[in-house]
Amino acid sequence: MTELKKTAVIGQPIEHSLSPVIHNFWINKKNINAAPYEKIEVGPENFNSSLDKLIDSGYYGLNVTVPLKELAFLRCDELTESAKKTQSANTLIFKEGKIYGTNTDPVGFEFSLKKEIIKKNINKKKCLVLGAGGSARAVVFALDKMFADISIFNRTQEKAVKLCEDLGVAASSLDENEIKKQTNSFDLIVNTTSLGLFPSDNNNLIDFSLVQKKAFIYDLIYEPKESSFLKQAKANNLNFQNGLKMLIGQAAAAFYVWHNSDPSHNDELESLLEKL
Ligand code: ATR
């Protein structure tokens, strides 16, 4: 009898990860020959030893989440272009003694846009990315592939400049004055910062009263479902979405990599996740 494929997500904190719900939903729906997808708490200080143990105990693949994606990238023997460019890996496969890594966040972001209003045409559209951390790298990489006209605004401007250099993307890095002047010109505004994860956070990175009415507002945060950023979008009658579709999209790409099966039933899954 062939052994069931073992997969899991590792990170810290991991208790509230939705990845097991998503992957197990697809494993069951598609009758995949795999063990239930698990969540395993692993911190950065014991990342390397934990990874070795998981490989030894027969895991076939792992998803890697905060704060381990950059460490995972450093451990890989082979990397896809998205992992190389974003310098992070959220999906690993262990095969023939090697660690293969990819980053499915960019494709997850692209998938989430395709299902939304802006899918019509992002080509040459003016997109503003707020933040210059790991998530911003994934979003900028994806937007660049879609030929968007990208601007980045980050509290620490040097990090935005470095991000563009590393990705080889010709995006503009804006300062406080430029962001004020240009806010009314953007078609898509994506918050990738962690501002809004806590109820007390107030995301005032842009002045919503300046945003044009046809703009689409996107926050990668999905818990809370309506971050302070999205609440402001709603108050200003703008179209908006949270990061749930991107979460599903990045999971779908990882699922495909491991099981060679394209997961469907995303609408049903989405309503299930929304009820959690
Ligand atoms: P992730 O991997 O989720 O992107 P990260 O790499 O730690 O997380 O990046 C966090 C982002 O949120 C950064 O762009 C950070 O800005 P700095 O580069 O200036 O640190 C941004 N961020 C976090 N807290 C913020 C705050 N209070 N105000 C503005 N930006 C903030």
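Gln87 is partly exposed, with a relative accessible area of 30%; buried stands for under 20%, exposed for over 50% and partly exposed for values in between (1.4 Å probe, protein chains only). Gln87 is not a glycine, yet its phi is positive, at about 55°. The model is predicted: local features need pLDDT of at least 70, side-chain atom pairs count only at pLDDT 80 or more, and totals for chains, interfaces and linings use all residues. Residues are numbered from 1 along each chain as its sequence is written, and side-chain values use heavy atoms, with hydrogens and water left out.

**Backbone geometry**

- Most residues other than glycine have a negative phi, and most peptide bonds are trans.
- Gln87 belongs to the loop between helix 4 (81–86) and strand 5 (91–95); helices (H or I, at least four residues) and strands (E, at least two) are DSSP runs, numbered from the N terminus.
- Asn237, also not a glycine, has a positive phi of about 60°. Asn237 is in the loop between helix 9 and strand 12 (239–241) and is exposed, at 66% relative accessible area.
- Gln12 and Pro13 are joined by a cis peptide bond with omega about 0°; Pro13 is in the loop between strand 1 (6–11) and helix 1.
- Glu223 and Pro224 are joined by a cis peptide bond with omega about 5°. The loop between strand 11 and helix 9 (228–235) holds Pro224.

**Ligand site**

- A backbone N or O atom of Ala132 is 2.9 Å from a ligand oxygen atom, and a backbone N or O atom of Ser135 is 2.9 Å from a ligand oxygen atom.
- A polar side-chain atom of Thr156 lies 2.4 Å from an oxygen atom of the ligand.
- Taken alone the ligand exposes 640 Å², of which the protein buries 68% (Shrake-Rupley method, 1.4 Å probe; for residues, only the protein chains shown count as cover).

**Aromatic pairs and charges over rings**

- There are four aromatic pairs: rings of Phe, Tyr and Trp (its six-membered ring) pair if their centres lie within 6.5 Å, and planes under 30 degrees apart count as stacked, over 60 as edge-to-face and the rest as tilted.
- The Tyr37 and Trp258 rings have centres 6.2 Å apart and planes at 40°, so this pair is tilted. Tyr37 is in the loop between helix 1 (19–29) and strand 2 (38–41) and Trp258 in helix 10 (residues 244–259), so the pair ties together parts 221 residues apart in sequence. Tyr37 and Trp258 are buried.
- Phe109 and Tyr218 form a tilted pair, at 5.2 Å centre to centre and 40° between the planes. Phe109 is in helix 5 (residues 105–114) and Tyr218 in strand 11 (residues 216–219), 109 residues apart.
- The charged end of Lys5 sits over the ring of Tyr60, 4.4 Å from its centre; the criterion is NZ of Lys or CZ of Arg within 6 Å of the ring centre and within 35 degrees of the ring normal.

Terms used: A polar contact is a pair of N or O atoms within 3.5 Å; within protein, one must be able to donate a hydrogen and the other to accept it, and residues adjacent in sequence count only if both atoms are side-chain atoms.
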